Each structure stands twice: as structure tokens, then as C-alpha cells.
Amino acid sequence: MSSEHFSEKIIEIEHILGVELDKKLAGTVSNLNEIPSHIILECNKLKNPYHVECLIRFYVTDDNEKYLRQFVHTVIFQKRDHKNWKKGRILLPDTSLKDQLEKSLSEIYQKVDVLFDLIVSPQYVPWEQGVNTLGSFAVVESMATYKSPLVPGFISTDISNEHLITVSPDKKQIWFRRWIASRIARYLHRNQKLQIFNDASVLSEISPQHEWTPDAIIAFKGLLKERDLNLWNDKNIPGYVGDDSIYCLESKL
């Protein structure tokens with residue numbers, strides 16, 4: 001946006017509000033969470049999102065410009081508390097099924113500090129829809145802000161967006177294997193092979209068996225065991241049905 005165009009928009013906004021903006025306050029706000037309440041009230045008087053964005057831009061420092069559109073959408077038009085906007089976050093691994101078959105737990109989480117005590121609650125409808133983070137270990141960063149850098153290999157979501165459940169870190173390998181098994185099951189379900197698969201060749205298009213980790217092999221065997229024990233119904237998620245002992249089997253196929 002050119003300075004001339006921006007100046008024209010500020011004049012439009014002043015006309016709409018019926019006041020002249022205080023030039024001494026221009027560019028003085030460095031943190032969107034700390035915008036004075038009277039500015040938020042001014043924003044609420046504007047109908048046009050672009051006008052709101054320009055108004056806030058008038059007050060904040062240049063490094064905030066790239067965050068304004070999302071801030072305006074969430075805080076102003078969805079009436080969220082600006083003081084808490086994007087304070088804290090949850091990091092979840094952005095993994096493919098191939099990643100889960102070929103990478104160890106430590107390799108997937110090597111770029112973050114994880115306690116292995118929280119997972120995303122496995123729920124049937126999101127699983128059926130193909131949400132790949134269900135059952136994954138979550139990393140809660142309560143001190144993160146909207147300016148916190150992205151972590152390669154992870155997606156960031158607001159703390160309020162995810163339903164997390166507490167698990168025992170002592171069983172982290174079992175939970176990891178269940179997550180893998182559920183991803184395998186979703187792939188097979190989508191391809192109408194969940195009830196008929198028998199060996200690892202069913203996943204050869206994703207990853208050859210010799211590339212699999214021991215955890216992936218155990219996850220696959222556990223999934224077979226659940227199926228053979230007739231534990232599934234149309235309301236539970238394969239991988240999260242059998243006893244823990246099913247996911248402690250030998251890693252040989």
C-alpha cells in the first residue's frame with residue numbers, strides 16, 4: 001500500500017468516525033495484544049474490514065502489518081478478547097503416513113521439547129474425515145505469542161482449538177504405535193481394504209516394508225490383531241480398541 005493511498009484511507013476513516021486521529025500516537029503500539037481499548041472501540045464503529053485494518057495499522061509498528069488481517073477477522077469481527085489473541089499455542093506434527101511408517105518417535109519430535117504426556121483426543125468423526133493429528137503428542141507452549149516463529153514439520157493451533165487428554169509418558173511408545181495404527185486404518189478404510197488386508201504389501205504404494213521402523217511394524221501387527229479379535233464397530237477408531245499388550249508385540253512381520 002502506498003503512503004498516499006494509506007493517507008487517503010485515514011482521511012476516510014476520520015470522516016466516518018467524526019474525529020481526527022492523534023498523529024502523536026501513530027506507530028507507537030508494538031504489540032497487538034496491548035492495543036488500548038479505545039482503539040478497539042473505534043474499530044467496532046467501522047463496518048469495512050479494510051478500514052479497520054488501516055485504522056489499526058495507523059497505530060501499530062510496521063512489523064505488525066502482516067498479522068493485521070487475521071487480527072481484524074478474529075478480534076474485531078468475531079468479538080474475541082484482543083489481550084488473549086494468539087497467546088499460547090499447541091504444536092502438532094504435520095506428518096504423512098509415510099513419515100509415520102519410516103520415522104521414529106524421536107525423529108518426528110526432534111525439533112521441539114515434548115513431555116509425551118498429552119495427546120489429541122482420538123474421536124471418530126475427525127478420524128473418518130482424515131484428520132492426521134488425532135492421537136499425536138501435543139506440545140503446549142503457553143508463553144508463545146502471535147510473533148513466535150513457526151517450527152518446521154509442525155502446525156500451530158490455538159490452545160482452545162484442541163481437545164487434549166493426559167497419558168502416561170511411560171507408555172509413549174504404545175501411544176505412538178496406536179497413532180500409527182489409526183493412520184494405517186484410515187488409509188485402508190478409505191481404500192475399502194480395512195476388513196480384508198493381511199500383510200504389509202497393502203501399504204507398498206506408501207512405503208516398502210523394509211523401510212518401516214520397529215514401531216510401525218508393531219502398529220501394523222496390533223491393527224491385524226484388533227481386526228482378528230473382532231473388536232471394531234462403527235463408533236470406535238481402529239488402533240485405539242485393543243489392550244496395550246497388543247501394541248507390545250515383537251517387531252517382526
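Trainee: What should I know before reading the numbers?
Mentor: The model is predicted, so local features need pLDDT of at least 70 and side-chain atom pairs count only at pLDDT 80 or more, while totals for chains, interfaces and linings use all residues. Residues are numbered from 1 along each chain as its sequence is written, and side-chain values use heavy atoms, with hydrogens and water left out.

Trainee: Is Cys 43 buried or exposed?
Mentor: Buried, at 0% relative accessibility. Buried means under 20% relative accessible area, exposed over 50%, and partly exposed in between, using a 1.4 Å probe and protein chains only. Cys 248, at 48%, is partly exposed.

Trainee: Which residues of helix H2 are buried?
Mentor: In H2, residues 37-44, they are Ile 39, Ile 40, Glu 42 and Cys 43. They sit on the same side of H2, because their arc around the axis is only 155°; the arc is that of the directions from the helix axis to the C-beta atoms.

Trainee: What do the buried residues of H2 pack against?
Mentor: Helices H1 (3-17), H3 (49-59) and H4 (68-76). Contact means heavy atoms within 4.5 Å. Helices (H or I, at least four residues) and strands (E, at least two) are DSSP runs, numbered from the N terminus.

Trainee: New topic. Where does Thr 95 lie?
Mentor: Thr 95 is in the loop between strand E1 (89-93) and helix H5 (97-102), and is buried at 7% relative accessibility. Not counting residues up to four places away in sequence, Thr 95 touches Gln 100, Ile 108, Asn 132, Trp 179 and Arg 183.
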